[in-house]
Amino acid sequence: MEKPPIIDRLFNSLFEKHEVQVDILREDLLHPLISGNKYWKLKYYIEEARAKNLNTLISFGGAYSNHIHALAYTGEKFGFNTIGFIRGEELATKKLNPTLSDAEQFGMKLKFISRKDYKRRYDVNFLNNIENDHPDSLIIPEGGAGQTGEKGIEDMIHRVQNISQYHYIVVCAGTGTSAAGIAKAVNEYETKIIAVPALNLTDTLKEINDRLIKTKTDPLIIWQEYTFGGYGKFPDELQVFCKEFQNTYNILPDPVYTSKGLYGLIDKISQKYFKMGSRILFIHTGGLQGWRGYTKNLSD
Ligand SMILES: *Cc1c(COP(=O)(O)O)cnc(C)c1O
């Protein structure tokens, strides 16, 4: 699972003109079924479950969740039962979408809960009830978030040789766990971390910054302006961008996160955000299974 990292360099006239070097860490190529940051965020949760002799992994997600998909597969691979609490009780009576159908095939038990209940996913009483119903299980926060998730992301970054050569690392954010883990991993270097949220994350990222600030001033730079209307929003402009990006580099961004992050990065380069000579590493966090949630195919 933990392959050596693959890093591609992107060339185009814009980068040349502004004299910036743009590399991309291809975590989308980590594994055909569990791509990107989701494996790394699960890594130490799995270790924890093993150490505590637990046999079941439980977590939360929306109907197209990359995390749920990854958890189902990883659980099966490492010999755990998995239970996914899925947002939207109405889904129980519908045909499963490809993400959930895969998850079920990988052996996950799906439990559809109302949006109201889903909102309680961080509530101690709610979690205690789940734990009582499912002894011998480990409850993993939505998205594999938390310091245990961050620790795995540190491993993801530590395998990149010469990481300190980069002036900037750009990563997309949903829970901000990956951004926080990367910030910890390069804490001793000058490297700056730029988080590009796929939804409004101002408060969450501020909390992370406050927590990390003990080790470094302003660990995370936040580009909040590339959400394109919010989580899961994928306007035509972004679709066109993905198609062009794939045609140019033969690298496909995902519709929810990396499309917005790469769009933002290129936009900022054209606005001369980066000094000449800047070396930038963009993390392709994977998530390509998420394309199946979009009826409009890129080749349409
Ligand atoms: C989940 C996900 C993210 C967000 O990661 P966080 O650690 O939650 O911020 C980014 N990109 C992709 C492709 C993802 O699936």
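Q: Which element gives the largest share of the shell around the ligand?
A: Quick note first: this is a predicted model, where local features need pLDDT of at least 70, side-chain atom pairs count only at pLDDT 80 or more, and totals for chains, interfaces and linings use all residues. Residues are numbered from 1 along each chain as its sequence is written, and side-chain values use heavy atoms, with hydrogens and water left out. Helices here are DSSP runs (H or I, at least four residues), and strands are too (E, at least two), numbered from the N terminus. With three residues in the shell, the largest share comes from α2.

Q: Which residues come nearest to the ligand?
A: There are 16 residues around the ligand, where near means a heavy atom within 4 Å. Those that come nearest are K38, G174, T175, S178 and T285.

Q: Which side chain has an N or O atom 2.6 Å from a nitrogen atom of the ligand?
A: Polar contacts are pairs of N or O atoms within 3.5 Å. For ligand oxygen atoms, the N37 side chain gives 3.0 Å and the S178 side chain gives 2.7 Å. For the ligand nitrogen at 2.6 Å, the side chain is that of T285.

Q: How much of the ligand's exposed area does the protein bury?
A: Areas come from the Shrake-Rupley method with a 1.4 Å probe. Taken alone, the ligand exposes 390 Å², and the share buried by the protein is 98%.

Conventions. Polar contact = N/O pair within 3.5 Å; in protein donor to acceptor, adjacent residues only side chain to side chain.
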